[in-house]
Amino acid sequence: APDSADAVLDGLDPEQREVATALHGPVCVLAGAGTGKTRAITHRIAYGVRAGILQPSSVLAVTFTNRAAGEMRGRLRQLGAAGVQARTFHSAALRQLQYFWPKAIGGAMPRLVDRKVQLVADAAAACRIRLDRGELRDTTGEIEWAKVTQTVPADYGPAAAKAGREAPRDPAEIAQLYAAYEDLKRERGVIDFEDVLLLTVAILQDRHDIAEQVRSQYQHFVVDEYQDVSPLQQRLLELWLGERDNLCVVGDASQTIYSFTGATPDHLLDFRIRHPGATVVKLVRDYRSTPQVVHLANGLLAQARGRAADHRLELISQREPGPEPVYTEYTDEPAEAEGAARRVRELLDSGIPAAEIAVLFRTNSQSETYEQALADAGIPYQLRGAERFFDRPEVRKAGIALRGAARFGGNDSLLDGAVDLPSQVRAVLSGEGWTPEPPAGSGAVRERWESLAALVNLAHDFAAAKPGATLGDLVAELDERANAQHAPTVQGVTLASLHSAKGLEWDVVFLVGVAEGMIPITYARTDEQIEEERRLLYVGVTRAREHLHVSWSLARSPGGRPNRRPSRFLDGLRPGSTGAAGRTAAGGAGGVERGHTSRPGVAAPRRTQRTVARCRVCGRTITDPGEMKLMRCDDCPSDMDEGLYERLREWRAEQA
Ligand code: ATP
Ligand code: MG
């Protein structure tokens, strides 16, 4: 009934309502962080569905991560619009490719390549080109970039020069390697992650019957975070649309943080040119952050340069004033981590829930220090890559084991002697290497243990709520929750990279390591790269609803020579610093605080400085900090979806 649809519009401001009710034709929302873009499109879909204008199954909502997709599905269900497809470009394409492969190409879809970097290394060997590890990684990055920009090997040189790419080797060599890599892939009968999109595009382009079939299913398209769409994703979107233009995109050019992978805000900024009749809506009211946080965000943007910056929109906070951001300088990184942990402890003691606190850093290699400090302070934390609870590899693996046991359990000696549901779950999980006692230490091992412990707790709660429930019932419940992404509460402080914090928000945010060389990161050299680093900091600042702690340290290790200075992006913004215009920032109440140094009298560093990083996809420890540019280990594709996880898991099991 229309009345019930109107209820969905409550809680939207007039501009957001305009977005929500413009259900036909092209719509473009250009707006800054925290202005309710994601909320507006979610309510738009719900409104359309409840008003009977949109068929749930005819809507495809595209989000940036599987986590965001899960969140949107959950929100839509709450708003009474279940059944809408919310996916990443990759996961939508993969589904279509798997479905249409037999018809379009014949046979079964090839395996996805598991060790892409190894394949590039093999290609290099075949070309008799010697690459060191860094060159290998950068070459892989170049091949990925070429593919998402639909650049064939022969065109790589000129295209890379035009895009201002810094090729790790002579561009002719990269082109040769790229061609050899493609050959080798074909020879071995595998496809890579970019191929999923490329092949889907090719099939939709060549096969009108298949394109029509896809188009008849999806009538309405919504894309969140459109500023980070790659040319290849854009092409796919165009093919899905065909001649139609029921497309709603939302984005913030100032939050473009994936252009190193070929993404570009041009599609967002040129939307009106491509779609002359488009409804363009700008949102400037910031509902997320206090005026103090918004002031800093606006200050960062005011110094930005380049095309994205030309389109910046000043944010206007809708919230009550809150505390000034706190700036703290530390002597070294462990001291900074300890300082942050101490403040987190105070906040927790003052009653702020752990789930409302995040510590955000530039590279995953920084996480180890913070994990250690939080663990030392007895503070529970979750290291967040792009995964939600049910997306975590260990939880997926456990889910598969539980499903197997539920199906074949009565044959299975595993469950012998396990009389109640929680014991059965424990028995299955011990088959996966889980122990009732937590492992010593912290880090990824502990985190995996915590995830499985949360599953055991869930089994307890479930059995208590539903006496007599079987393992099969529990598996059904897990599936249901996985679909709705209602994770059992693993309460902990969030540790995340700035990239993976995109779209999220917390009451309290610690931005750590805000020093030259960290942000901007050392390898950001060109003006464009520096601007992207600035945007990354803007993304970080705008994650905070209320409390923002910004810190940096002068040296990496205790006793190390202080050779760092605060990030240039804070110049003119942090208290006491002078900006480009020669003005000195007035600063908040406390000015810049001096953090304590590593404990006086403790001469030797408590922990050896290891460079440890964690793959944002599978969570595995990786040892090459350079890989942090891609934030993932050699084995993992850049974005993951369900099918890929399964394959990766199978492959790992095969190797084991
Ligand atoms: P980002 O650019 O970081 O992705 P966004 O523009 O997508 O941000 P949302 O995440 O949709 O912003 O909204 C930010 C916060 O503001 C959320 O907590 C949301 O619930 C709240 N919010 C948005 N619009 C309104 C509104 N009209 N009234 C009250 N709260 C709102
Ligand atoms: Mg959003």
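1. A word on terms to begin with: helices (H or I, at least four residues) and strands (E, at least two) are DSSP runs, numbered from the N terminus. This is a predicted model, in which local features need pLDDT of at least 70 and side-chain atom pairs count only at pLDDT 80 or more, while totals for chains, interfaces and linings use all residues. Residues are numbered from 1 along each chain as its sequence is written, and chains are lettered from A and ligands numbered from 1 in the order in which they are written.

2. Now the overall picture. The protein has 24 helices and 19 strands. Of its 656 residues, 47% count as buried (20 or more other C-beta atoms within 10 Å of the residue's own; exposed means 12 or fewer, partly exposed is in between, and C-beta atoms are placed from the backbone). Taking contacts (C-beta atoms, placed from the backbone, within 7 Å) between residues at least 6 apart in sequence, 77% join residues at least 24 apart.

3. What surrounds ligand 1? There are 19 residues around ligand 1, and the closest are G36, K37, T38, R39 and Y287 (a residue is near a molecule if its C-beta atom, placed from the backbone, lies within 6 Å of it). Helix α3 (residues 37–50) supplies the largest share of this shell, three residues. By class, the shell has four nonpolar, nine polar and six charged residues. Here Ala, Val, Leu, Ile, Met, Phe, Trp, Tyr, Cys and Pro count as nonpolar, Asp, Glu, Lys and Arg as charged, and the others, Gly among them, as polar. Domain 1 (2–93 + 199–283) and domain 3 (323–388 + 492–610) each give at least three residues to the shell; the domain bounds come from an automatic or database domain assignment.

4. The unreviewed UniProt entry has a "binding site" annotation that covers A31, G32, A33, G34, T35, G36, K37 and T38. Such annotations may be inferred rather than shown by experiment; feature names are shortened and positions follow the numbering used here. Within that stretch, A31 sits in strand β1 (residues 27–31) and counts as buried because it has 24 C-beta neighbours inside 10 Å. Setting aside neighbours within four places in sequence, A31 is in contact with K37, D252, K282, L283 and L313. T35 lies in the loop between β1 and α3; beyond four places in sequence, T35 touches L283, V284, R285, D286 and Y287.

5. Which residues touch the most other members of the largest nonpolar core? Among its 82 residues, they are V29, I45, A61, V222 and V249. A nonpolar core is a set of buried Ala, Val, Leu, Ile, Met, Phe, Trp, Tyr and Cys residues joined through C-beta atoms within 7 Å. Helix α10 (residues 193–206) gives the most to this core, with seven residues. Both domain 1 (2–93 + 199–283) and domain 2 (114–191) contribute residues, so the core lies between them. Another core, of 54 residues, lies apart from it, with L315, Y381, Y538 and V550 among its members.

6. Finally, V62 in strand β2 (residues 59–62) is worth a look. V62 is buried, since 27 other C-beta atoms lie within 10 Å. V62 and V223 are 161 residues apart along the chain, yet their C-alpha atoms are separated by 4.7 Å.

Methods:
Two residues are in contact if their C-beta atoms, placed from the backbone, lie within 7 Å.
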